[in-house]
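Please look over the model shown here, with attention to its helices, its aromatic side chains and its surface. The report that follows takes these topics in turn.

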Amino acid sequence: MGVKKKVRKFAQVKRAITLRDNRLKSQPETKDKKKDDDVVREIPQVSSSLFFQYNTSLTPPYSVLVDTNFLSHSVQHKLEVIPTMMDCLYAKCIPIITDCVLAELEKLGQKYRLALRIAKDPRFERVKCDHKGTYADDCIVDRVIKHRIYIVATNDRDLKRRVRKIPGVPIMNVARGKYTIERLPDAPEK
């Protein structure tokens, strides 16, 4: 048996930058450019109820906008929605469900029938939607932007990211078999 020939693999050899490489050349700065880039042209309008990022319009009884994902995670963890919300917030809660969320639950079919039955509970407040389409995330974000009196209950990562951009709106989610709240200033840490 012969000795195996050693061959250097491609990309294991260090590559040197040549003197003609564009990355080495410094680009001349134009002196015509003014410091206008640092000036803020427009500041987004913020609600008057927000005082130092604290939403003064959020008071008990809390209105909690419930998402499809939140209901399905509550069913998976076998949590009762209203009592667990009250345990989390230490106050009375009114779960609110929009027509879009109900339509989304109905579209999901048999797998989500228990979540749909929970959503149709008479203790849940129903809210009519005045827009076209049945995309629940857009509906929730739109409603929260118009009225900053809601706590958004969701486990959806994309919806959380969108709601975090809106100042003064707390997010409730299901984590480790209980509900947790994020960005509510007077919420005690457990």
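Which residue just after H2 takes a positive phi? In this predicted model, that residue is Tyr 90, whose phi is about 55°.

## Helix H2 and its buried face

Helix H2 spans residues 81-89, and within this helix the residues Val 81, Ile 82, Thr 84, Met 85, Cys 88 and Leu 89 are buried. When H2 is viewed down its axis, these buried residues fall within an arc of 165°, so they line one face of the helix.

A search of the whole structure finds 1 aromatic pair. The pair is formed by Phe 70 and Tyr 179, with 4.7 Å from centre to centre and 45° between the planes, an arrangement that counts as tilted. Phe 70 belongs to helix H1 (residues 68-76) and Tyr 179 to strand S8 (residues 178-182), so that the pair links distant parts of the chain, 109 residues apart.

Both partners are buried, since buried means under 20% relative accessible area: Phe 70 has a relative accessibility of 0%, while Tyr 179 has a relative accessible area of 5%.

## A nonpolar patch on the surface

Ile 17, Leu 19 and Leu 24 make a nonpolar surface patch of about 360 Å². One of these residues, Leu 24, is found in the segment before strand S1 (50-51), and Leu 24 counts as exposed because its relative accessibility is 51%, where the cut-off for exposed is over 50%.

Methods. Residues numbered from 1 in each chain as written. Predicted model: local features only at pLDDT ≥ 70, side-chain atom pairs only at ≥ 80, totals over all residues. Heavy atoms only, no water. Phe/Tyr/Trp six-rings, centres within 6.5 Å; stacked < 30°, edge-to-face > 60°. Helix = DSSP H or I, 4+ residues; strand = E, 2+ residues; numbered from the N terminus. Buried < 20%, exposed > 50% of the residue type's maximum accessible area, 1.4 Å probe, protein only. Patch = residues over 30% accessible without salt bridge, like charges linked within 9 Å, V, L, I, M, F, W, Y side chains within 5 Å. Areas by Shrake-Rupley, 256 points an atom, 1.4 Å probe, with all protein chains shown as cover. Salt bridge = Lys/Arg side-chain N within 4 Å of Asp/Glu carboxyl O. Arc of directions from axis to C-beta.
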